[in-house]
Amino acid sequence: MRGRIPGICGALRMRERIPALLGLALALASLLPAAGARRSQDLHCGACRALVDELEWEIAQVDPRKTIQMGSFRINPDGSQSVVAVPYARSEAHLTELLERVCEKMKEYGEKVDPATHRKSYVRVISHDGTKMDLSGLKFDGDVTSSLKFACESIAEEYEDELIEFLSHEAENVKDRLCSKRTDLCDHALHIPHDEL
């Protein structure tokens, strides 16, 4: 009997601790989704902003004199055709083509964590023109690039119409207008300077 008494006392003490342990577990569990949601938002916001940057860069590389025929190739009763030449760079055909391949560029990005806010942003680690980049404080590995590429592909697919709508015209602040206002992917990004992302 002597051996059983400490076991019973231990069980009683454990019963007293269960509510406290459950409270602690619930408190910790409530923090995890918030941290995960912030990480997810940082990733999707960064992917959206990088996607827009890459699309705008690609558009800028096209000769502005290059055009594409748009409209109907049917002959009207009066013998005319409703075909017009539009700039190729911002044409729906070109933008659709870019959206199919632009997320491959996410392998040229790294993750930077703000030491004060612990928010993540994504910046190029390889410049378009070959100039040296400041890589201090950047995390650049397969996990970062594959997560960013996946988020980019999801955004490009889900918001294809919006991307084409904004980029088919020379709109200002496409990143803020699309990533923050239209999609809410970057609810915190309105106070981040443009050159940081």
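In which helix is E54 found?

1. The model under review is predicted. E54 belongs to helix 1. Its relative accessible area is 1%, and because buried means under 20%, E54 counts as buried. Beyond its neighbours within four places in sequence, E54 is in contact with V102, K105, M106, Y109, R124 and H128.

2. The largest nonpolar core comprises 36 residues, and L51, L55, L99, L148, I155, L163 and L167 have the most contacts inside it. At least two residues of this core come from each of helix 1 (4-60), helix 2 (92-101), helix 3 (142-158), helix 4 (160-167) and helix 5 (174-182). Helix 1 provides the largest share, nine residues. In soluble globular proteins, nonpolar side chains tend to be buried together.

3. L99 is among the core residues with the most contacts. With neighbours within four places in sequence set aside, L99 is in contact with L51, L55, A156, E160, L163 and I164.

4. Strand 3 (residues 109-113) and strand 4 run antiparallel and are joined by five bridges. Within this pairing, G110 stands opposite V123 of strand 4. The two strands form a hairpin with six residues between them, and H118 in the turn has a positive phi of about 65°. Strand 4 (residues 120-124) is mostly covered, four of its five residues being buried.

5. On ring interactions, the count of aromatic pairs is zero by the rule applied, which takes ring centres within 6.5 Å. A charge does sit over a ring elsewhere: the charged end of K66 lies over the ring of Y88, 4.4 Å from its centre.

Conventions:
Residues are numbered from 1 along each chain as its sequence is written. This is a predicted model: local features need pLDDT of at least 70, side-chain atom pairs count only at pLDDT 80 or more; totals for chains, interfaces and linings use all residues. Side-chain values use heavy atoms; hydrogens and water are left out. Rings of Phe, Tyr and Trp (its six-membered ring) pair if their centres lie within 6.5 Å; planes under 30 degrees apart count as stacked, over 60 as edge-to-face and the rest as tilted. A charge sits over a ring if NZ of Lys or CZ of Arg is within 6 Å of the ring centre and within 35 degrees of the ring normal. A nonpolar core is a set of buried Ala, Val, Leu, Ile, Met, Phe, Trp, Tyr and Cys residues joined through side-chain atoms within 4.5 Å. Buried means under 20% relative accessible area, exposed over 50%, partly exposed in between (1.4 Å probe, protein chains only). Contact means heavy atoms within 4.5 Å. Two strands pair if DSSP finds at least two bridges between them.
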